[in-house]
Amino acid sequence: MYLVSRRDGAGDEAGWFPYVLMAPALITLVVVALVPFLYTAYLSLHEMQYARVGNWAGFANYARLLTNARFWHSVGISAAFIAVAVPLEFGLGLLGALVLNQGVRCRSIIVPVLFVPSMMAPIVVAILWKIMLAGSWGLLSYNLLERFGILTGLSIFASPALALLALILIDVWQWTPFVMLALFAGLQSLPLMPYRAAAVDGATPLQTFRRLTLPLLAPLMAVIVLLRLIDAFKIFDTIFLLTAGGPGQATESLSLFTYKTVFDFWDLGTATATAVVIWVMFFLFSNAFYQVVKRKLRAF
Amino acid sequence: MPMSVRERAARRRQLLFTLLAAAGALAVVFPVLWMALMMFKPEAVMFARPPVWRFPPTLEHFDYVIEHGFVWNLLASLFVAVASTVLVVVVGTPAAYAFARFPIRRRDDLLLFVLATRMAPPVALVIPFYLIYARVGLLDTYVGLVVAYLSFNLSFYVWVLWSFCRELPVELEEAARADGYPRAHVLVRVVLPLLRPGIIATAVLCFIFAWNEFLYAFLLGGKTIETLPVAVPKLITSQGVKWGELSIVGIVALMPVLVVVFLLQRHIVRGLTMGAVKG
């Protein structure tokens, strides 16, 4: 019995070996993630004068945060950003994936090109679109905004009405191809048999899509929407580089608010409380992602 | 043999879909091409209205970029990205393997911890990093920046490489074990060679993430360590924005991405979906 159990399933009787393998990585992650988090939580419960830790404050910093109009404004901006960007990216991405799945030619060129925006540095995205939409001479700002009189004599990033929309469209430009390719990869890995059966039964393409593709692809769709929600919610770099949250507070997302509270206003009480709130939210997001990948997608 | 009507319709449909997909790819490429053109555009026609496509090309922007020491920024970027990637591979590979192969106590909790570390927004993490670094003197140091990059890259690496490890066949390891080799030996001689494609793909993605990173470099690298992304504001001068130079930096920053996209395309989907899609 003993010999048998040793040989099957490499996992049995491994003793301390796996823990030795994991220790360096887990200790590092504790140092670079858990310790900073606990430190932030500790600071958020104290009165802060700049970087000096004052008296125990209980939840005073949190109470101040929750009555801070600017905080709620930034939450609204983030919510608006997500509410427009993510459905657009998903809808267009799904259409694109269905198109790609129709035996498109030159795929070996088209697919890598579509990967470019999602791997691109935020700084490159910012430079690209600063150039495309620069003042009145940028390629797009001249040919679209100026010529049709939508916006004249002003950069779109300085326009209170249009700056957020511009940032959203840039995000759509950057992330729709990723959604498209991820869903395309999902479509490619679907089992063939149900489709053969559907074809034999004479199902129309629309019926096949609604009755087969959608339910089969649903778990993957949930994963991708969650990922996009998470990423769109924490977007910082592109906004910081293109508008810095302005004009006024027109594009001040939650990330920008957090940044400014620390590095512009040095209000560390509010900032650490915000960071903890964001952290808790992201932990819940991560947990949702984990559960969907594990139970619905059965990836592990 | 003449084509049947159905065949011709199928051909036409395929052509239509190819054109649609190509249009999407063009929407991606177009701004990049326009930026590439700006690298050679003389100041005289830079602000022409309507924007011009044809002009006598100039290399003056390249002179400026070289004279102002952007090569050093490039080297700083390369160094930080390579150092953090090497560290991640060394520390992360055994952990990813352990998660895949052995029954670990509280495995779900540990994995969730790794994932949550990856998902955490940098803007929340950079605050404690900044305060702690200011206190222990790690601000403006390479060590500080490389360690900070571990927070998102190590968790990413462990999580994604774990998905590669799950696909390894266990039989070879069992055979080596049955021959009496110790577990550490099996890991180095049997597992690592099999895992090499996964390690390379995941490590390259880590390199790109470090290469692209802006916020940590901006705040923790400060004045002394200017990676390429952080050097960009130098081009927004009191005399106005240096558009040609900005484009050069943009294109250089884009280079590794262009290489990776063509070499690794299958693995990018896996990486960006955190291993949820095999690609």
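Helices are DSSP runs of H or I with at least four residues, strands are E runs of at least two, and both are numbered from the N terminus. The model is predicted: local features need pLDDT of at least 70, side-chain atom pairs count only at pLDDT 80 or more, and totals for chains, interfaces and linings use all residues. Residues are numbered from 1 along each chain as its sequence is written, while chains are lettered from A and ligands numbered from 1 in the order in which they are written.

The buried residues of helix 13 are H267(B), I268(B), V269(B), R270(B), G271(B) and L272(B). Their cover includes helix 5 (107-119) and helix 8 (163-188) of chain A. Helix 7 (142-165) and helix 9 (183-212) of chain B also belong to that cover. After helix 13 of chain B comes M274(B), with a positive phi near 55 degrees.

Chain B has 13 helices and two strands. Of its 279 residues, 48% count as buried. The C-alpha atoms of chain B fill a box of roughly 80 × 75 × 30 Å along the principal axes.

Chain B also meets chain A. In all, 89 residues of chain B are in contact with 85 residues of chain A (C-beta atoms, placed from the backbone, within 7 Å). Helix 1 (residues 5-38) of chain B gives the largest share of chain B's side, 15 residues.

How values were computed
A residue is buried if 20 or more other C-beta atoms lie within 10 Å of its own, exposed if 12 or fewer, and partly exposed in between; C-beta atoms are placed from the backbone. Two residues are in contact if their C-beta atoms, placed from the backbone, lie within 7 Å.
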